[in-house]
Amino acid sequence: MRREYVENYVIRQLEVHLLNDAILPTLVKKLNAYQKKNQTSATEEQAKLEDELAKTKAQLENIVAAVVNGMFQEIFKTKAVELQRHQSELEERLTAISDQSQPVSFTEEQVRGYFSTMKSYIHDRNIPEIKRMIDSYVEKVTVFADHIEVYFRWHFLMRVKPPMHLRRR
């Protein structure tokens, strides 16, 4: 099979199964549900990190209290430095999570605009952008003598369990 035929087939499958206005409302609902699920897990991770940070601060305070009461040992210094480093790491991770956990919601108009841009790449034969699009949404393509199977990455948006394959005979 010629390479151009396979490439055009993959692009057509993307147009039919992803860049299709008929599935837009369902796609937006599933995308928002997926975002909400990810946001929930980020919130859970944030709570765990905050709990761990509180424990780390309490341990540091205990070491400081022991040193103030005259119980200084070299191991306290080593442990305090380790706890301070761990505290800094936790604070950095919490900052990163809080930046990412801002509520994200997509509207049909936003997705339609994104689709329009992707369709224009296809129409204009913008090869670098088409390759990026394929890399983003296509897991793999298997070419047989009598058909082609396209496996998509975006299974979380569809009802079908991954990998979803499409055949052309």
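Which helix does Lys-57 lie in? I looked it up in this predicted model: Lys-57 belongs to α2, which runs over residues 24-68.

**Lys-57**
I then listed its contacts, skipping residues up to four places away in sequence, and got Gln-87 and Glu-91.

**Cores**
I went for the nonpolar cores after that. The largest one has 22 residues. Among those with the most contacts inside it I noted Leu-14, Leu-18, Val-111, Phe-115 and Val-150. I traced which elements give it two or more residues: α1 (3-17), α2, α4 (108-123), α5 (127-137) and β2 (148-152). The largest share is from α1, with five residues. I also found a second, separate core of six residues, including Ala-42, Leu-53, Leu-90 and Ile-97.

**Helix α4**
Which of its residues are buried? I got Val-111, Phe-115, Met-118 and Ile-122. They sit on the same side of α4, because they cover an arc of only 60° around the axis. I found α1, α2 and α5 among what covers them. On the face turned away from that buried side I noted exposed Glu-109 and His-123. Last item: Arg-125 follows α4 and has a positive phi, near 55°.

Notes: Residues are numbered from 1 along each chain as its sequence is written. This is a predicted model: local features need pLDDT of at least 70, side-chain atom pairs count only at pLDDT 80 or more; totals for chains, interfaces and linings use all residues. Side-chain values use heavy atoms; hydrogens and water are left out. Helices (H or I, at least four residues) and strands (E, at least two) are DSSP runs, numbered from the N terminus. Contact means heavy atoms within 4.5 Å. A nonpolar core is a set of buried Ala, Val, Leu, Ile, Met, Phe, Trp, Tyr and Cys residues joined through side-chain atoms within 4.5 Å. Buried means under 20% relative accessible area, exposed over 50%, partly exposed in between (1.4 Å probe, protein chains only). The arc is that of the directions from the helix axis to the C-beta atoms.
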